[in-house]
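Dear colleague,

I am passing on the structure we spoke about, and below it you will find what came out of going through it. Please look it over with the sequence alongside before you read on.

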Amino acid sequence: MRVFTAVIAIAAGVLILGGYFFPALADVQTLLLNWAIILAGAAALVGIFNLIAVHTDKIRRGEKGGIYSALLVIGLVATLLFGMILRPQHSAMQIVLNGIILPTEAALMGVLTVSLLYAAIRLLRRRVDVMGIVFLLTAVLIFIGSATLPFGDVPVIGTLIRPWVTQILALGGARGILIGVALGTLTTGLRVLFGADRPYGGN
């Protein structure tokens, strides 16, 4: 059985890879990619049902924080049903998106920023080095430069330092991370393609 799954995985990988170089395999490549998209969608649905089952069980057993699980399940089911009935482009769904989902994501990012700043301060209390000081100063400057203040942007920090850090240093770092992720994905794909790794059940 393990050999059979390995043969299927390697054959699918070879056909998809060959579709990029040989036009005759383009249709097979498209078919396999469509199957992969369908499987990914099915996996997402399984994940959603598992999330609902876990939180429903917490509500049933009356665990601490069950009210939050109830709110999560109600919000998830209501958003899913109204999204399927009204479609995402409907004005009511756009109100939900712009009035609840986007502000919630922005608030979470704000909490993450404050938590990151607090973690940097605690890091300096445990270990003081150059990189820790640079990290803390960068976080403070970005925090001050990005904050919405009554008198507008802070001179120099909000108009010069923050754009330079976010658009040059942070963007370069993000591109480096993406290149690393791409190389890691390529290496993992080649290892699966040659049967060195078998995440589908083999050793």
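Aspartate 57 counts as partly exposed, because its relative accessibility of 25% falls between the 20% limit for buried and the 50% limit for exposed. Please keep in mind, here and throughout, that this is a predicted model. The side chain of aspartate 57 meets that of arginine 60 in a salt bridge, at 2.3 Å from N to O, and it also meets the side chain of arginine 61 in a salt bridge, at 3.0 Å from N to O. Arginine 60 lies three residues from aspartate 57 in helix α2, which is about one turn of the helix, while arginine 61, also in α2, lies four residues from aspartate 57, again about one turn. Arginine 60 is exposed, with a relative accessible area of 64%.

As background, side chains of opposite charge can pair when their charged atoms come close.

As for helix α2 itself, it runs over residues 26–61, which makes 36 residues, and it reaches 52 Å from its first C-alpha to its last, close to the 52 Å expected at 1.5 Å a residue. Its buried residues are Gln29, Leu32, Ile52 and His55. Just after α2 comes glycine 62, which takes a positive phi of about 65 degrees.

Helix α3 covers residues 66–86, has 21 residues, and spans 30 Å between its first and last C-alpha, close to the 30 Å expected at 1.5 Å a residue. Which residues of α3 are buried? They are Gly66, Ser69, Val73 and Gly83, and because they cover an arc of only 145 degrees around the axis, they sit on the same side of α3. Those buried residues pack against α2 and α4 (91–126), whereas Ile67, Tyr68, Leu71, Ile74 and Ile85, on the other side of α3, are exposed. After α3 comes arginine 87, whose phi is positive, near 75 degrees.

Conventions:
Residues numbered from 1 in each chain as written. Predicted model: local features only at pLDDT ≥ 70, side-chain atom pairs only at ≥ 80, totals over all residues. Heavy atoms only, no water. Helix = DSSP H or I, 4+ residues; strand = E, 2+ residues; numbered from the N terminus. Expected span 1.5 Å × (residues − 1). Buried < 20%, exposed > 50% of the residue type's maximum accessible area, 1.4 Å probe, protein only. Salt bridge = Lys/Arg side-chain N within 4 Å of Asp/Glu carboxyl O. Arc of directions from axis to C-beta. Contact = heavy atoms within 4.5 Å.
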